[in-house]
Amino acid sequence: AIYLTFTPLGDRGLIINLNCDDTTARSSVTGMVADKIRDLKVKGVTDIVSAFSKLAIHYDSIQWMPSS
């Protein structure tokens with residue numbers, strides 16, 4: 001199983017901490033999750049950085065706001 005926790009990184013980022021039952025695969029799982037997020041091509045995401053069991057998602061918050 002994979003467990004995710006989310007922590008804000010200021011007003012333009014998010015840290016995702018990934019924990020999985022298989023600690024030897026943790027880094028691989030983090031890379032796979034990063035690839036899946038990249039594949040989604042979420043509007044406003046400017047960078048995705050993976051490191052061991054963490055992902056940093058950087059985004060432009062203005063692009064996420066709905067237009068009126």
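**Core, strand pairing and salt bridges of a predicted model**

Reader: Is Thr 30 buried or exposed?

Author: Thr 30 counts as buried, because its relative accessibility is 1%. Buried means under 20% relative accessible area, exposed means over 50%, and partly exposed lies in between, with a 1.4 Å probe and protein chains only.

Reader: What kind of model is this?

Author: This is a predicted model, in which local features need pLDDT of at least 70 and side-chain atom pairs count only at pLDDT 80 or more, whereas totals for chains, interfaces and linings use all residues. Residues are numbered from 1 along each chain as its sequence is written, and side-chain values use heavy atoms, with hydrogens and water left out.

Reader: Where does Thr 30 lie?

Author: Thr 30 belongs to helix 1. Helices (H or I, at least four residues) and strands (E, at least two) are DSSP runs, numbered from the N terminus.

Reader: And which residues is Thr 30 in contact with, leaving aside neighbours within four places in sequence?

Author: Thr 30 contacts Leu 18, Ser 50, Ala 51, Phe 52, Ser 53, Lys 54 and Leu 55, with its neighbours within four places left aside. A contact means heavy atoms within 4.5 Å.

Reader: Leu 55, then. What does Leu 55 touch?

Author: Not counting residues up to four places away in sequence, Leu 55 touches Leu 14, Ile 15, Ile 16, Leu 18, Thr 30, Val 33, Ala 34, Ile 37, Ile 48, Val 49 and Ser 50.

Reader: Which residues make up the largest nonpolar core?

Author: The largest nonpolar core has eight residues: Ile 16, Leu 18, Cys 20, Val 29, Ala 34, Ile 48, Leu 55 and Ile 57. At least two residues of this core come from each of strand 2 (13-20), helix 1 (26-40) and strand 4 (54-59). Strand 2 gives the largest share, three residues. Such a core is a set of buried Ala, Val, Leu, Ile, Met, Phe, Trp, Tyr and Cys residues joined through side-chain atoms within 4.5 Å.

Reader: Let us turn to the fold. What pattern does the protein chain follow?

Author: Along the sequence the pattern is β-β-α-β-β-α, with two helices and four strands in the protein chain. The C-alpha atoms fill a box of roughly 45 × 25 × 20 Å along the principal axes. Of the 68 residues, 24% count as buried.

Reader: How many bridges join strand 3 to strand 4?

Author: Strand 3 (residues 45-51) and strand 4 run antiparallel and are joined by six bridges. Two strands pair if DSSP finds at least two bridges between them. Val 45 has Tyr 59 in strand 4 as its bridge partner, and Asp 47 stands opposite His 58. The two strands form a hairpin with two residues between them, and Phe 52 in the turn has a positive phi of about 55°.

Reader: And over how many bridges do strand 2 and strand 4 pair?

Author: Strand 2 and strand 4 pair over five bridges, also in the antiparallel sense. Here the bridge partner of Leu 14 is Ile 57.

Reader: New topic. How many salt bridges does a search of the whole structure find?

Author: The search finds two salt bridges. A salt bridge is a side-chain nitrogen of Lys or Arg within 4 Å of a carboxyl oxygen of Asp or Glu. One joins Asp 60 and Arg 12, whose closest N and O atoms are 3.4 Å apart. This pair links distant parts of the chain, 48 residues apart: Asp 60 is in the loop between strand 4 and helix 2 (61-64), and Arg 12 is in the loop between strand 1 and strand 2. Asp 60 is buried at a relative accessible area of 18%, while Arg 12 is partly exposed at 41%.

Reader: How do the side chains of Asp 35 and Arg 38 meet?

Author: They meet in a salt bridge of 3.1 Å, N to O. Asp 35 and Arg 38 both lie in helix 1, three residues apart, about one turn of the helix. Asp 35 counts as partly exposed because its relative accessibility is 41%, and Arg 38 is partly exposed with a relative accessible area of 39%.

Reader: Lastly, which residues form a nonpolar patch on the surface?

Author: Ile 2, Leu 4 and Phe 6 form this patch, with about 300 Å² of accessible area together. Patches are made of residues with over 30% relative accessible area and no salt bridge; like charges are joined within 9 Å, and nonpolar side chains (Val, Leu, Ile, Met, Phe, Trp, Tyr) within 5 Å. Accessible areas come from the Shrake-Rupley method with a 1.4 Å probe, and for residues only the protein chains shown count as cover. Ile 2 is in strand 1 (residues 2-8) and counts as partly exposed at 47% relative accessibility.
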